Amino acid sequence: MTLSNDRRAELASIVGDARVLTDRADLLAYNADCSPRGIILTRGRRLEAGQPAAVVQPDGVDELRGLVEWAARTGTALVAYGDGSGVCRGAVGNADSVVVDLKRFDDILELDEDRRSVRVQAGVNGYLFEREMQRRGWTAGHFPSSIYCSSVGGWVAARGAGQLSSRYGKIEDIVESVRVVTGRGDVIDTAESPPPDPTPWFVGSEGTLGFITDVTLQVEPKPADRHYRGFQFDDLSDGLEAIRRLMQSGLRPAVVRLYDPFDTLVKKAPSGDGAGTLRRALPAALRTALEARVDEWGRAAFNELIRRAGWVNGAVDAFSSECRLIVGYEGHTETLQTEAEAGFDLLRRYGVDLGVEPGEEWREHRYAVSYKQSPVFDAGAFVDTMEVATSWSNLESLYQRVREALAPHVLVMAHFSHVYTAGSSIYFTFVGSADTAEEALELHQTAWRRGLDAVDGAGGSIAHHHGVGSVKTPWTGRDHRGGEAGFRALKEAFDPDGILNPGKVYPRAATEPREASP
Amino acid sequence: MTTDTRDVTEPDYWKSRGLEPPGQVYTPDSIRALRRRIAGPSESSRPIVIVGTGSHLRPSAVTAEPFDVVVTRGCARVQSIDSTSGTVTVEAGICWGELRHRLRDEGLQFAPNGLYPADSTVGGLLASAGVSGLGPDVAAMTACTASGRDYSYAEAPRKAAGPDMRYLFIGCEGAFGVILTVTLALGPRPDARLWRFSGDALESEDLGGVQLIDRLADHDIRAAWSWFDESEGVWDVAVHGPEAVLERWAARAGEVVSPELDLEVRGAEACRERRDVIEAEQLPAEAAEKRGRSTQSGQPEWLRHIKNTLDDSGVLAVGPGAEVPKPDSQRNSGGDS
Amino acid sequence: MRQFSDDIEKATAYCTYCPKMCRFSCPASEAEKRETVTPWGMMRLFELARDGSVELDGSVAETFYHCTGCRRCQTWCEHDNDVPEALWAARDWVHSEGLAPEPASHVTDQFEEFGGPFDEPAPSLDDESSRALDSVFDPDSSIVFVPDCTTRWEDPATVVAIGLLLARLNGGEPVALHTPGAAADGTETDRGCCGAPLAAAGDGAGWRRWRSGLEAELQEADLVVTECPSMAAHFSEGSSWGKQRRVHVEHLIGFMARELQEATPSEPVRLTDPMLHDSCLLTRQLGLADETRQVVDALTDGDVSEFDFNRDEAPCCGASGLYDRVAPDAARRCAASRIDDLQREGGRTVVCGSADCTKALRGEAGSEETVRDIVELALRAFAIEPPAHTFGEGGQT
């Protein structure tokens with residue numbers, strides 16, 4: 001849909017002419033979030049996909065309500081957009097939709113130190129928000145690896161998790177209430193709403209039920225002390241047993257990150273005479289491509305290695321079993337040290353204490369992983385991640401089944417980085433390569449289909465903290481069996497015209513006017 | 001004259017709450033029967049109020065009379081215990097106190113945070129609006145809507161697969177359906193201590209319970225629960241953890257909270273006994289007292305829209321204050337999912 | 001496929017595939033709130049335009065001008081991508097295609113007509129001020145002062161005052177002045193500006209000619225001192241644009257930091273709750289963060305506080321790279337944001353080392369006293385008053 005002059009003028013009358021973006025450069029900039037699929041499309045120069053009819057930048061609830069009224073009248077889909085760091089194409093529309101960029105909701109409204117909460121507008125960048133909290137002596141405790149490039153509203157809309165989730169919880173544990181403008185144009189502040197509390201419906205709704213404008217989050221005094229260490233285990237089972245025991249011991253670490261053998265191999269080259277050829281060569285090859293731009297020869301070798309995914313994955317299984325753990329405690333006083341030492345003592349019963357250095361190194365480069373994807377894509381491959389979750393007793397089985405499903409197609413490694421007393425997430429990273437963009441897209445789709453079918457088959461949850469977007473919609477109903485009826489009820493309540501991000505979270509309903517899918 | 005009984009099968013239970021006694025009281029003894037009672041063919045034209053033990057029923061949430069009552073208390077089995085995951089799966093009609101004692105017999109315990117009335121069912125605690133902090137500990141659940149749709153939340157400690165559909169049942173007072181089974185995360189199984197703070201300074205406004213807990217938290221001392229007993233002038237705080245940690249915490253606690261208070265440290269058994277007394281006696285009494293203050297709150301329009309979708313035949317007599325359509329012939333004929 | 005240097009091509013590719021890790025640091029991105037002008041948005045557009053996947057047109061070309069050249073994004077870039085270097089090359093390209101936006105092409109006209117980025121000639125010198133100049137500057141000195149064009153056009157009296165300051169710092173020996181109306185070598189020059197605005201405009205050919213001419217005029221100097229951070233950056237190695245160097249140019253702050261060890265200010269200035277704003281050019285392009293602090297410490301009598309975002313992390317006030325011409329409202333929001341920082345963080349005076357920053361911040365602070373330029377502080381600390389009537393009204397032609 002090309003926006004007619006009349007329609008454009010209508011939008012301009014709501015948000016102002018300068019805040020209706022229809023230039024080619026603007027539409028192109030909003031045709032993707034940070035999903036690897038979008039990058040494959042960009043690299044393949046398939047640029048039309050995802051371009052909206054227009055982008056609008058409202059400022060204030062009244063303008064948002066005006067947009068909702070306009071969309072309902074014209075039957076136009078509205079796609080909420082924060083900082084666009086999502087990796088599931090949740091904020092990507094199409095030529096029939098209008099993207100609503102919420103970044104002008106950019107104030108930190110009120111820090112209530114007595115109540116230990118902060119009210120912040122949804123469009124505030126996550127890092128700028130947390131930095132300001134810390135300047136004032138507080139923290140919200142939410143540190144996703146996307147903190148530089150994500151918005152507070154996006155954290156809530158996609159049910160995100162931060163690296164210190166073992167101490168602070170996921171975003172749904174941190175958020176107290178939200179203020180939304182629904183598809184009916186109603187403004188709901190869930191803090192003031194009579195029961196039942198609708199907050200859990202809007203958290204994770206990914207713009208399908210309303211525009212989140214403000215968020216109230218719990219805050220804690222900024223930690224002044226930290227203790228990080230690394231550990232090594234003979235195999236994954238030992239590592240998983242150790243972190244399960246740790247979480248069920250009543251000790252509360254801030255960070256727990258157990259890397260599987262492949263991820264351990266890539267993170268740190270093994271040392272000592274025992275390190276075999278594969279254990280030296282594989283990480284070296286991968287790291288070369290990750291750390292510097294490779295020449296044509298290196299590029300070919302890199303892609304050839306990835307295309308032998310089945311062989312490489314099998315070789316890692318055969319020759320490598322060691323797993324590395326990073327564990328960290330953060331807190332306020334010397335009581336923390338006692339607790340940290342108790343935790344470290346427990347871990348020493350299962351593995352080798354590598355000391356402070358690996359932990360501190362991880363902490364120093366804690367956001368570095370997101371930079372690694374550029375060299376991979378530049379070298380002609382692709383990388384994506386799949387974050388799933390289940391209970392402890394099902395964890396290793398889920399891990400094996402997903403790995404087996406992916407292994408013939410892509411390199412697959414994993415870490416366990418959000419752990420709870422009852423279970424854990426598994427964060428799979430997979431790397432693939434193909435000759436053409438079309439083949440890469442197909443391979444990418446195959447990996448997702450095989451992977452999430454395996455998750456479903458193993459009884460795990462398909463998403464731990466990246467949300468659903470459009471990439472995982474075929475599986476949402478398996479995670480919440482029968483949940484689609486509930487979702488439709490919520491849509492009826494909050495978005496009866498189906499104008500809010502149709503086709504996201506759950507597959508498009510027949511009654512929704514248009515599909516905003518890639 | 002009515003007596004304030006807690007027995008939902010007694011007419012006085014309803015009269016004392018300003019409601020007419022139900023036409024029928026059903027007590028299904030299996031999940032299958034419970035589900036059929038809610039979502040299956042109707043035997044009467046009256047809508048249903050779902051109750052566990054009735055300890056948290058909010059009369060103002062009942063929207064239509066006359067009604068029948070379905071009591072979940074007959075569905076109270078422990079289905080399974082997963083000691084590796086630290087979870088227990090129960091039928092939602094099981095009482096909190098009973099479940100805690102069953103787990104204790106197995107050497108297990110719940111995530112220690114919070115105190116709940118021993119005589120409330122797990123389903124009732126979850127469904128009650130604004131009562132339970134148990135929601136985040138629900139690792140899995142099954143439920144059924146009034147229109148006969150089954151719902152199942154795949155087991156996981158946390159997830160990001162869209163809006164949290166558990167909360168169409170948790171906190172919704174049975175407006176849209178009934179919670180059938182629940183998988184709850186069990187807590188750590190470490191040592192425990194009961195700290196008893198006393199002294200005149202407890203009367204001070206600065207030493208209100210929330211502030212005291214915050215002070216402890218600021219020093220990374222995590223209270224599992226706390227209880228201020230006004231008559232005794234004692235503030236009880238339960239802490240859990242390995243012995244070395246508990247000793248370190250105890251060494252700091254007095255100074256952190258207030259040097260003006262006396263602190264007596266008791267062991268794990270005292271901690272457990274104190275919790276039993278609070279949950280079995282003091283909390284139920286408090287819940288009854290709170291119920292007397294319950295008032296009708298305004299119901300938002302959106303709630304009616306959800307109700308109309310998930311309970312389109314008006315099977316359930318709980319929910320938004322607006323008029324619920326009367327069932328004309330029969331309820332839904334059964335589930336379709 | 002349009003070819004650029006390996007560094008630029010690597011940077012555009014890596015930015016294209018990056019999840020926008022630097023987005024919060026970009027002044028344009030924060031002020032305009034649109035993806036298009038994030039470093040990712042601009043670099044990706046450049047990448048796609050290079051091979052013709054996106055047709056170059058006016059709207060695409062204009063996008064490349066939403067960069068202030070502040071290099072703040074590089075602080076958070078693990079690939080060390082130099083976005084200003086790449087986008088200046090993109091501007092060069094679109095300018096050569098005749099697609100530069102009007103504010104950029106206007107810069108070329110201004111230089112051709114007035115010798116600097118202004119719509120009128122630099123203020124002229126009358127006889128009396130010429131005599132003043134003779135007493136302040138020495139055309140034979142091997143140290144040449146090239147004033148910042150903003151100072152030269154808008155506050156010409158300060159040019160002479162800086163001459164007095166430099167003489168004081170130079171053991172009492174006057175330095176030479178190179179500016180329209182007072183040539184260092186006794187000959188006249190039409191160049192009232194270093195030419196950096198031409199580079200920012202994308203007029204690469206014009207910029208190269210201008211730089212060569214200026215270098216020729218200054219080639220006899222042992223040292224060129226300027227209070228213009230942009231000139232120092234464009235004529236020094238290590239910045240986004242200063243790849244070659246034929247004259248030795250030093251920023252006044254670097255010069256002062258060295259010479260203040262010998263020359264002590266007579267009256268350190270007392271400021272009210274001052275905080276130091278790091279100029280992007282001084283800090284990230286020239287690496288003078290430490291020197292700036294040394295100078296401020298020497299010139300003032302109390303502790304100058306740090307902003308939470310300081311040194312390499314300091315935000316840009318929006319005053320450079322022609323951003324204030326291409327997106328004036330957004331540029332003002334950048335400056336206003338820094339003034340907000342000042343108030344939120346408990347300061348009442350902001351100190352900065354760039355005339356352009358000072359001007360931009362004063363525009364939003366609403367009071368001259370709230371924003372203090374380091375050069376002004378130096379003049380006050382050394383009790384230097386500019387001679388009266390140094391520069392007259394009217395145009396220097």
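Predicted model: local features only at pLDDT ≥ 70, side-chain atom pairs only at ≥ 80, totals over all residues.

## Domains of chain B

Domain 1 of chain B gives 13 residues to the contact and domain 2 of chain B gives 14 residues.

The size of an interface is often expressed as the accessible area lost when the parts come together. Between domain 1 of chain B and domain 2 of chain B, about 1100 Å² is buried, with 54% of it on carbon and sulfur atoms.

## Domains of chain A

Chain A is assigned domain 1 (5–103), domain 2 (108–221) and domain 3 (225–458). For domain 2 of chain A and domain 3 of chain A, the C-alpha centres are 29 Å apart. Their contact involves 15 residues of domain 2 of chain A and 21 residues of domain 3 of chain A.

The area buried between domain 2 of chain A and domain 3 of chain A is about 1600 Å², and carbon and sulfur atoms give 47% of it. On the side of domain 2 of chain A, the residues A:Gln163, A:Ser166 and A:Arg167 supply 47% of the area buried against domain 3 of chain A, more than any other three residues.

## Domains of chain C

Chain C is divided into domain 1 (6–100), domain 2 (127–259) and domain 3 (274–381). A distance of 25 Å lies between the C-alpha centres of domain 1 of chain C and domain 3 of chain C. In the contact, 17 residues of domain 1 of chain C meet 18 residues of domain 3 of chain C. The two domains, domain 1 of chain C and domain 3 of chain C, bury about 1500 Å² between them, 59% of it on carbon and sulfur atoms.

## Contacts between the chains

Two pairs of chains are in contact, and of these chains A and B share the most contacts. Chain B and chain C are joined by no contact, and their closest C-alpha atoms lie 20 Å apart.

## Helix packing in chain A

Two packed helices are described by the angle between their axes and the distance between the axes. In chain A, the axes of helix H18 (residues 392–406) and helix H19 (residues 437–458) come within 8 Å and cross at roughly 155 degrees. Angles over 145 degrees count as roughly antiparallel, and H18(A) and H19(A) are therefore roughly antiparallel to each other. The crossing of H18(A) and H19(A) is right-handed. Residues making this contact include A:Leu398, A:Arg401 and A:Val402 of H18(A), and A:Arg450, A:Gly451 and A:Ala454 of H19(A). By class, the contact of H18(A) with H19(A) comprises eight nonpolar, three polar and two charged residues.

A second pair in chain A is formed by helix H10 (residues 236–247) and helix H15 (residues 334–348), whose axes come within 9 Å and cross at roughly 150 degrees. That angle makes H10(A) roughly antiparallel to H15(A). H10(A) passes H15(A) in a crossing that is right-handed. In the contact, A:Ala242, A:Arg245 and A:Leu246 of H10(A) meet A:Gly343, A:Leu346 and A:Leu347 of H15(A). The classes in the contact of H10(A) with H15(A) are four nonpolar, one polar and one charged.

## Helix packing in chain C

In chain C, the axes of helix H16 (residues 289–299) and helix H20 (residues 374–381) come within 10 Å and cross at roughly 35 degrees. The crossing of H16(C) and H20(C) is left-handed. The contact is formed by C:Thr292, C:Val295, C:Val296 and C:Leu299 of H16(C) together with C:Ile374, C:Leu377, C:Ala378 and C:Ala381 of H20(C). By class, the contact of H16(C) with H20(C) has seven nonpolar residues, one polar residue and no charged residues.

## Backbone features in loops

Most residues other than glycine have a negative phi, and most peptide bonds are trans. The peptide bond from A:Pro195 to A:Pro196 is cis, with omega near 5 degrees. A:Pro196 is located in the loop between strand E9 (187–189) and helix H9 (199–202) of chain A. The peptide bond from B:Glu65 to B:Pro66 is cis, with omega near -5 degrees, and B:Pro66 belongs to the loop between strand E2 (48–51) and strand E3 (68–71) of chain B.

A:Arg45, a residue other than glycine, has a positive phi near 60 degrees. The loop that holds A:Arg45 lies between helix H3 (36–43) and strand E2 (54–56) of chain A.

Definitions and conventions. Residues numbered from 1 in each chain as written. Chains lettered and ligands numbered in written order. Heavy atoms only, no water. Contact = heavy atoms within 4.5 Å. Axes fitted to C-alpha atoms, helices over the stretch in contact; angles between N-to-C directions. Helix = DSSP H or I, 4+ residues; strand = E, 2+ residues; numbered from the N terminus. Parallel < 35°, antiparallel > 145°, perpendicular 65-115°, else oblique. Left-handed = near helix turned anticlockwise from the far one by under 90°. Nonpolar A, V, L, I, M, F, W, Y, C, P; charged D, E, K, R; others polar. Buried area = accessible area lost by both parts, 1.4 Å probe. Domains from an automatic or database assignment.
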